[in-house]
Amino acid sequence: MAGSGTAHLRGGQQVLAVENLTVEFGGGRWRKPVQAVTGISFDIAEGETLGLVGESGCGKSTTGRAILQLQKKVAGRIEFEGVDLDHASRRETRQMRRHMQTVFQDARSSFNPRRSIARSLEEPLKVWGVADKAERGRLLAAALRGVGINEHTNLDRRPSQFSGGQCQRLSIARALLMEPRLIICDEVVSALDVSIQAQIINLLLDLRASRGLSLLFISHDLAVVKNVSDRVAVMYMGKLCEIAPADDLYAQAAHPYTNVLLDAVPEPDPNIVPRVSEARESGNQMVSLREPPSGCRFRLRCPAAQRVCAELEPQVREVNAGHFVACHFPTHRTSDAPKVEASPHSRASDSVVRTPVLER
């Protein structure tokens, strides 16, 4: 895995196109920078949801922040609706910000602690001159009802007076108020209980269907990602290792690391002995992003690694129709492997099942 390449980009004008994105932290005269994201590429079509999964620290959130230009990139190209953000004027960039919204992982810290929720939610509407005061009040009330919060008793409260899950829903309401064309959801349901998860996911699915909304859904919950995503991309140590339609990836994962993630999902049967792969057993090896391994970054944990894996970085290539993997020796899951019981075509309230938390 840990490969490079753009063979999986579909061409044409997409809502979002990211090519060879690289983001680094730190560095200086005596220290090498941390390679948080290194040469990843993907695109998102109108009305499509791309799920981005991987273990903690692999660069998922950094990728989202770089797309929004909240984090400076070192190299690469980010194009939104045909406009290269590097060459856009300040006016064009400001106009596009309205149509690119995000829901941050730490929702409470994204609100001003001194302002009421009403002021925080109304501010972007004022900045963009959306409607008059009465109409803005109606929009706020409708947004809060849409995420399951009582507008009559909560508008004057401050962020510290809400639970973590409520702050997450308020953050979603704020993003939806601007009627965006792309929302980057960073662990958008991680702080919510199962019933509220279903409400939020159903809300996002309805908005996607009615408005042609595109989503970049960042999460570590494999069942939720499969449930909401049209395609799924897997990251490891700042690299993209596999990208495929959700059903195809979960049924026939071709990269060893993807298989590791799927093997971590337990069967809901106490009599079944958990299956532990060789890659999971060797997962205690420490690898630094300041000095990542040569070739494939996963080779130190991969049971199929050979000499070529240390000498050459794998390039993204197609192994099935629409299924791309960056691995010298792609594999396929066997029929006795654990399955993630969730369908991307079913309603969330019927199929959301909690899976083990992969991030610690």
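The questions and answers below walk through a predicted model, from its sheet to its cores and rings.

Residues are numbered from 1 along each chain as its sequence is written. In this predicted model, local features need pLDDT of at least 70 and side-chain atom pairs count only at pLDDT 80 or more, while totals for chains, interfaces and linings use all residues, and side-chain values use heavy atoms, with hydrogens and water left out.

Q: Which strands stand at the edges of the open sheet of 8 strands?
A: Strands here are DSSP runs of E with at least two residues, helices are runs of H or I with at least four, and both are numbered from the N terminus. Two strands pair if DSSP finds at least two bridges between them. The sheet has mixed pairing and the order β6-β7-β8-β3-β9-β10-β12-β11. A single partner strand is found for each edge strand, so one side of each is left without a neighbour in the sheet, and these strands are β6 (100-103) and β11 (317-320).

Q: By how many degrees are neighbouring strands of this sheet turned against each other on average?
A: Axes are lines fitted to C-alpha atoms, for helices over the stretch in contact, and angles run from 0 to 180 degrees between N-to-C directions. For this average, direction is ignored, and the turn is 20 degrees.

Q: Which helix packs on the sheet?
A: Contact means heavy atoms within 4.5 Å. The helix touches β3 (49-53), β6, β7 (182-186), β8 (214-218) and β9. Its direction makes about 150 degrees with that of β8, and its name is α1 (residues 60-67).

Q: What is the bridge partner of Val232 in β10?
A: Strands β9 (residues 231-236) and β10 (residues 239-245) run antiparallel and are joined by 6 bridges. Across from Val232, the partner in β10 is Ala244.

Q: Which residues touch the most other members of the largest nonpolar core?
A: A nonpolar core is a set of buried Ala, Val, Leu, Ile, Met, Phe, Trp, Tyr and Cys residues joined through side-chain atoms within 4.5 Å. Buried means under 20% relative accessible area, exposed over 50%, and partly exposed in between (1.4 Å probe, protein chains only). This core has 60 residues, and those touching the most other members are Val188, Val189, Ile200 and Phe217.

Q: How many residues are in the second, separate core?
A: Among its members are Val18, Cys58, Ile218 and Ile243. The residue count of this core is 32.

Q: Which residues do ring pairs link into a cluster?
A: Tyr236 and Phe298 lie 5.2 Å centre to centre, with 85 degrees between the planes. Both of these residues are buried, and Tyr257 is buried too. The cluster consists of Tyr236, Tyr257 and Phe298.

Q: Over which ring does the charged end of Arg94 sit?
A: A charge sits over a ring if NZ of Lys or CZ of Arg is within 6 Å of the ring centre and within 35 degrees of the ring normal. For Arg94, the charged end is 4.8 Å from the centre of the ring of Trp128.

Q: Which residue takes a positive phi in the hairpin of β4 and β5?
A: Strands β4 and β5 (residues 83-84) run antiparallel, joined by 2 bridges. There are 2 residues between the strands, and the phi near 50 degrees belongs to Glu81.

Definitions and conventions. Phe/Tyr/Trp six-rings, centres within 6.5 Å; stacked < 30°, edge-to-face > 60°.
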